[in-house]
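Please look over the model below. The notes that follow go through it point by point.

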Amino acid sequence: MKPGEIVIIFMLMFMSACTSEHVLSKAELEKQRAADYQVASLLFDHDLSANASYKVSKTGFVNIVFDKSVPFATYDSIVRALRADKAINGVRAEQEGVEVCPLR
């Protein structure tokens with residue numbers, strides 16, 4: 001085998017390994033999109049789009065981080081609404097590195 005062929009084989013193996021973890025099935029993509037839509041809509045409705053960041057997993061689980069300026073009553077209300085939403089598989093919320101509404 002020529003050195004160039006070895007490099008090409010290695011690169012193909014490396015690229016396929018990197019992409020296989022991040023490919024979502026159609027069902028996972030739909031679940032993630034539905035949860036993302038619900039979170040974005042709720043934050044927009046409460047004028048918190050700039051005061052919270054979040055990540056939605058392929059299972060619909062939401063990790064949300066609130067800015068320190070968001071009062072307890074507001075983020076507690078948001079987290080309760082998210083946890084009650086059927087499109088969302090679970091919620092972990094934090095503010096300034098502290099989990100503010102722990103899972104019960």
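1. Phe72 and Tyr75 are three residues apart in helix H3, so about one helical turn separates them. An α-helix has 3.6 residues a turn, so residues three or four places apart point the same way. Helices here are DSSP runs of H or I with at least four residues, strands are runs of E with at least two, and both are numbered from the N terminus.

2. This is a predicted model: local features need pLDDT of at least 70 and side-chain atom pairs count only at pLDDT 80 or more, while totals for chains, interfaces and linings use all residues. Residues are numbered from 1 along each chain as its sequence is written, and side-chain values use heavy atoms, with hydrogens and water left out.

3. The ring centres of Phe72 and Tyr75 are 5.3 Å apart and the planes are at 80 degrees, so the pair is edge-to-face. Rings of Phe, Tyr and Trp (its six-membered ring) pair if their centres lie within 6.5 Å; planes under 30 degrees apart are stacked, over 60 edge-to-face, and the rest tilted.

4. Buried means under 20% relative accessible area, exposed over 50%, and partly exposed in between (1.4 Å probe, protein chains only).

5. Which residues of H3 are buried? They are Tyr75, Asp76, Ile78, Val79 and Leu82. Their arc around the axis is only 160 degrees, which puts them on the same side of H3; the arc is taken from the directions from the helix axis to the C-beta atoms. Ala73, Arg80 and Ala84 are exposed on the other side.

6. The buried residues of H3 pack against helix H2 (26–45), strand S2 (61–66) and strand S3 (90–95), where contact means heavy atoms within 4.5 Å.
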